[in-house]
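Let's take a walk through this model together.

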Amino acid sequence: MTKDLSDYEAGARFDGDYDTALADWQERLARIQIAHIVHRRRSVVLLEGWDAAGKGGIIQRLTAEWDPRHFRVWPIAAPSPDEKARHFLWRFWTRLPGISEIAVFDRSWYGRVLVERVDALATEAQWKRAYDEINEFEAQQKDDGTTIVKLFVHITQETQDDRLRKRVSHPWKRWKTGAADFHNRARRSAYLEAIEAMFRHTDTRWSPWHVIDGNNKKAARIAALTYIADRLEKAVPMTPPKADEVLVGLAKTELGIDISDG
């Protein structure tokens, strides 16, 4: 399906009390993670988007109330020599979540049809073949019980430039920006072409794309957390399991309370 990124450039401010809304969504997401744990489900949340679009800020708010024992954040950089020697999906197979886990990808396997396409790090035959390989890979995960939530965080060139100026001017933030950001900035038109093709070929019924207008950070964070929570809730039972009989007995004998109905 084709998506027009110009539809996601309004940059509207969040309408409401941001701190209250954020706390409410984080509480809801905490319950969703617990549901994954107790019902032994697994999910993947991946974020793609422009440099300085706010992916890291979304991930920080997404995971703020999660139990760190049951989720992993994978920041995806260039493949190592060992990874380059294998199929491009190999390094992602090794990072997929196990039972009761959620894996969050800060960039993902879509690098094959984005940066590797734009910078000619993959041949045309390789990146064209990758659309079907990715769709089949994601279908395999769904069929095996893994939910995949895909977000693309979009910002305009003006917003990106403003954020890059602020980053490089701040001594404690400039570490987040390097020559690669400016290299990618100069290839925006090529990236737009690659992004359009990515949506057209990989926005599937079993693993759809969702675009976030990232031009206002607070609104983008709430929009992202809302979509992620809605998608994950549909994939996991949101009812607590019955208390284990051993725990029921211990609670009664040691604490004097009856939790048999809880």
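Asp4 sits in the segment before α1 (18–38); helices here are DSSP runs of H or I with at least four residues, strands are runs of E with at least two, and both are numbered from the N terminus. Bear in mind that this is a predicted model, where local features need pLDDT of at least 70, side-chain atom pairs count only at pLDDT 80 or more, and totals for chains, interfaces and linings use all residues. Residues are numbered from 1 along each chain as its sequence is written, and side-chain values use heavy atoms, leaving out hydrogens and water.

With a relative accessible area of 42%, Asp4 is partly exposed, because that label covers whatever lies between buried (under 20%) and exposed (over 50%), using a 1.4 Å probe and protein chains only.

Now for the other end of the numbering. Thr226 belongs to helix α10 (residues 217–233) and, at 22% relative accessibility, is partly exposed too. Leu62 is 164 residues away from Thr226 along the chain, yet their C-alpha atoms are separated by 9.9 Å.

Stepping back, the protein chain has eleven helices and five strands. Its C-alpha trace spans about 70 × 45 × 35 Å along the principal axes, and 47% of the 262 residues count as buried. Take contacts (heavy atoms within 4.5 Å) between residues at least 6 apart in sequence: 80% of them join residues at least 24 apart.
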